[in-house]
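Please read the points below with the model open.

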Amino acid sequence: MNDKVSSKITLPSLEEYFSEDYFHFGDVVNPPEVSDRQAGAIWELLSLKQGSPVLELGCGYGRITNRLAEKGAQVSGLDISPILLKKAEADADKRGLNVEYVLGDMRSLPWRDRFDAVFLWYTTFGYFEDADNEKVIREAASSLRNGGRLLIDYSNRLAFLRHKSPIYIVQRNDDLRIDIMSNDVLSDRRNLERIIVRDGCVRRTHLSFRQYGFSEFVRMLRSAGFETVEAYGEEGGAFTSDSPSLVVVAYK
């Protein structure tokens with residue numbers, strides 16, 4: 001029993017997936033009002049204040065990072081995609097914001113004991129094998145000051161597993177993005193085949209991420225030095241088996 005597309009994720013494959021095509025459909029998938037609401041939820045969940053130093057791992061084109069900066073946080077963002085970081089920087093300049101954007105790998109961070117809060121939003125965790133996924137958590141912990149908080153927003157596998165192979169279609173004008181999802185039940189990974197139909201061309205990319213449950217997050221986070229771990233549903237609501245998202249907040 002194996003629905004596997006590909007569980008081998010490399011940095012070049014991540015860059016290919018998180019490309020200009022990803023940005024092109026961004027405001028259709030997450031309209032500005034949704035991004036505003038999500039930034040507000042993150043602010044509350046992480047108990048942020050004016051001037052709070054905050055890091056987003058996998059910040060993409062800055063749709064959340066720049067909104068937190070507008071609210072008054074001192075924000076840094078790290079991503080593997082040079083294309084998306086340029087979009088983030090351009091948006092920050094347009095908004096008149098001072099945001100530190102860094103090209104890098106979340107498994108090896110340049111900061112130590114710097115931030116009050118670190119977050120990974122919109123399922124930007126779990127791309128790698130277990131050892132490297134846990135390294136991401138350890139690196140995040142090392143970048144936090146004592147008393148710091150880590151937030152991970154993650155797809156709820158209990159809800160996902162009810163659907164064998166859903167297909168999602170996004171349209172922007174004449175352009176299409178088709179996502180074909182499948183579960184590899186032997187490796188507990190979610191595989192995504194993405195087909196882009198744009199400007200008369202067809203492009204295919206793949207993404208795979210590990211599906212962790214809350215108890216596994218608790219184990220990994222406590223092993224990395226976090227003392228308390230809490231679970232929430234989408235945007236901070238109550239978490240149930242039907243919640244589309246699992247939001248984990250851990251305290252160092």
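Notes on the predicted model

1. Basis. This is a predicted model, in which local features need pLDDT of at least 70 and side-chain atom pairs count only at pLDDT 80 or more, while totals for chains, interfaces and linings use all residues. Residues are numbered from 1 along each chain as its sequence is written, and side-chain values use heavy atoms, with hydrogens and water left out.

2. Surface. The protein chain has an accessible surface of about 11500 Å², and carbon and sulfur atoms account for 49% of this; the areas come from the Shrake-Rupley method with a 1.4 Å probe.

3. Overall form. The protein chain contains 9 helices and 11 strands, taken as DSSP runs (helices H or I, at least four residues; strands E, at least two) and numbered from the N terminus. Its C-alpha trace spans about 50 × 45 × 30 Å along the principal axes.

4. Of the 252 residues in the protein chain, 55% are buried (under 20% relative accessible area, with a 1.4 Å probe and protein chains only). Contact means heavy atoms within 4.5 Å. Among contacts between residues at least 6 apart in sequence, 64% join residues at least 24 apart.

5. H24. This residue belongs to helix α2 (residues 20-24). Is H24 buried or exposed? H24 is buried, because its relative accessible area is 11%. Beyond its neighbours within four places in sequence, H24 contacts R172, D175 and R198.

6. T205. Strand β9 (residues 201-210) holds T205, which is buried with a relative accessible area of 11%. Not counting residues up to four places away in sequence, T205 touches E16, Y17, L192, E193 and R194. From T205 to V170 the separation is 35 residues in sequence and 15 Å in space, C-alpha to C-alpha.

7. Main core. The largest nonpolar core has 45 residues; such a core is a set of buried Ala, Val, Leu, Ile, Met, Phe, Trp, Tyr and Cys residues joined through side-chain atoms within 4.5 Å. L57, F125, I137, L150, F217, L221 and F226 have the most contacts inside this core. Elements supplying at least two of its residues each include α1 (11-17), β5 (144-155), β9 and α9 (214-223).

8. F217 and the second core. Leaving aside neighbours within four places in sequence, F217 is in contact with F125, I152, Y154, Y212, L246 and V248. A second, separate core of 25 residues includes W43, L45, L85 and V249. In soluble globular proteins, nonpolar side chains tend to be buried together.

Methods. Buried means under 20% relative accessible area, exposed over 50%, partly exposed in between (1.4 Å probe, protein chains only).
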